[in-house]
Amino acid sequence: MTLALGIDVGGTKIAAALVDVASGAVAHTRRVATVAQRGSAIVLEDCRSLARSLADGAEVAAVGLALCELVGADGRVRSAETVDWRDVDLVGAFGDIAPRVRVDSDVRAAALAEARLGAGAGERDFLYLSVGTGISHCLMTDGRPRLGVHGSAIGTGAPLVERWSGGAALAERSGHPSAQAALADPAASAVVDEGARRLGLTLAALVNALDPGALIVGGGLGLDERYRDLAVAAMRAAIYDPAARDVPVLSAALGPDAAVIGAALAASSCPTSPAA
């Protein structure tokens with residue numbers, strides 16, 4: 001059994017897991033709150049602490065970090081929406097734990113996991129959409145994610161639709177502490193409906209432009225059936241080609257573990273890190 005460690009750094013939580021890279025089975029997991037306001041160095045130390053605790057006594061072949069940020073093909077972090085690690089040597093920070101370390105955007109990691117082991121395993125071409133605290137997407141073709149020239153082919157909408165339709169936006173616009181609270185409150189239905197409508201129109205624009213074979217939806221909010229169905233209804237009504245309006249919409253099969261599994265899978269196949 002070859003074990004790799006995946007770490008998913010999200011807007012609200014950091015999830016880490018030891019993953020059997022052959023099967024995708026998750027052996028052990030740890031989760032802590034992100035609380036990014038504490039500063040990037042403290043969040044990084046939390047990630048290292050999780051990694052060390054999971055790696056204790058195990059032979060770890062690789063460490064993969066999945067971040068809710070723009071990450072270039074060279075593994076350099078290019079945005080600071082949640083944690084500012086643009087000038088941090090993340091490979092070196094984990095080089096004492098495993099010989100291979102890979103950094104990527106969380107949505108690409110999740111899409112890779114779904115392509116190999118989840119809902120996209122039988123799909124040659126699909127669009128993966130993550131709807132959580134924020135919203136991002138990844139086009140998968142023949143098992144490979146499209147990065148774009150700068151690694152920025154994950155921003156969903158122009159302007160980004162997460163400002164209206166993501167979990168943080170639903171909470172803020174409805175005056176609730178979380179998106180889940182907003183979804184549960186009938187008085188917030190106007191905010192929820194508008195968020196879903198805007199998300200659906202943005203998805204229609206992606207389907208019109210990319211014509212994917214399927215749409216796979218993940219993320220905590222994306223797996224909420226009511227919210228997803230509202231968005232999909234708005235999407236189908238705005239798709240131009242009648243043949244594309246029936247694009248299959250699938251729930252991510254790996255659920256909240258998709259990004260940590262994908263990070264581990266990607267890291268296990270990358271070259272030995274220079275810092276190792």
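How do the residues of the lining of the largest pocket divide into nonpolar, polar and charged? That's where I'd like to start today. They divide into 19 nonpolar, 19 polar and eight charged. For the classes, Ala, Val, Leu, Ile, Met, Phe, Trp, Tyr, Cys and Pro count as nonpolar, Asp, Glu, Lys and Arg as charged, and the others, Gly among them, as polar.

Before going on, some housekeeping. This is a predicted model, so local features need pLDDT of at least 70 and side-chain atom pairs count only at pLDDT 80 or more, while totals for chains, interfaces and linings use all residues. Residues are numbered from 1 along each chain as its sequence is written, and side-chain values use heavy atoms, with hydrogens and water left out.

On confidence: pLDDT is the predictor's confidence in each residue, from 0 to 100. The protein chain has a mean of 94, and 98% of its residues reach 70 or more. Strand β3, residues 26–33, is where confidence is lowest, at a mean of 91, and α7 is where it is highest, at 98. When I say helix or strand, I mean DSSP runs numbered from the N terminus: H or I with at least four residues for helices, E with at least two for strands.

Of the 46 residues that line it, G11, G132, T133, G134 and I135 are the closest to its centre. The elements giving two or more residues to this lining are α3 (106–117), β6, β7 (135–141), α4 (162–165), α5 (167–174), α6 (179–184) and α9 (258–268). The most comes from α5, with five residues.

How did we find these spaces? Rolling a probe the size of a water molecule over the atoms shows where empty space is left. In detail, we use a 1 Å grid over the protein atoms alone: a cavity is a set of points where a 1.4 Å probe fits but cannot get out, a pocket is an open set with protein on both sides within 12 Å along at least five of seven lines, and lining residues have an atom within 4 Å of a point. Grid points are joined across faces, edges and corners, and a volume is the space filled by probe spheres set on the points.

Now the cavities. Searching the whole structure turns up two of 30 Å³ or more. The largest holds about 60 Å³ of space, and its lining is made of L129, V131, L199, L203, V217, L221, G222, Y227, R228, A231 and V232. Two or more of these come from each of β6 (125–131), α7 (189–210) and α8. By class, that lining has nine nonpolar, one polar and one charged residues.

The second largest cavity has about 50 Å³. Around it sit V9, L67, C68, E69, V77, T82, V83 and W85, which divide into six nonpolar, one polar and one charged.

Which helix gives the most to the lining of the largest cavity? That's α8, with four residues. Helix α8 (225–238) has 14 residues and reaches 20 Å from first C-alpha to last, close to the 20 Å expected at 1.5 Å a residue; the expected span is 1.5 Å times one less than the number of residues. Buried in α8 are Y227, R228, A231, V232, A234 and M235. They cover an arc of only 165° around the axis, which puts them on the same side of α8. That arc is taken from the directions from the helix axis to the C-beta atoms. On the other side, E225 and A237 are exposed. Buried here means under 20% relative accessible area, exposed over 50%, and partly exposed in between, with a 1.4 Å probe and protein chains only.

Most residues other than glycine have a negative phi, and most peptide bonds are trans. A cis peptide bond joins A158 and P159, with omega about 5°, and P159 lies in the loop between β8 (144–145) and α4. V35, in the loop between β3 and α1 (40–55), has a positive phi near 45° and is partly exposed at 38% relative accessible area. D211, between α7 and β9 (215–218), has phi near 50° and is exposed at 51%.
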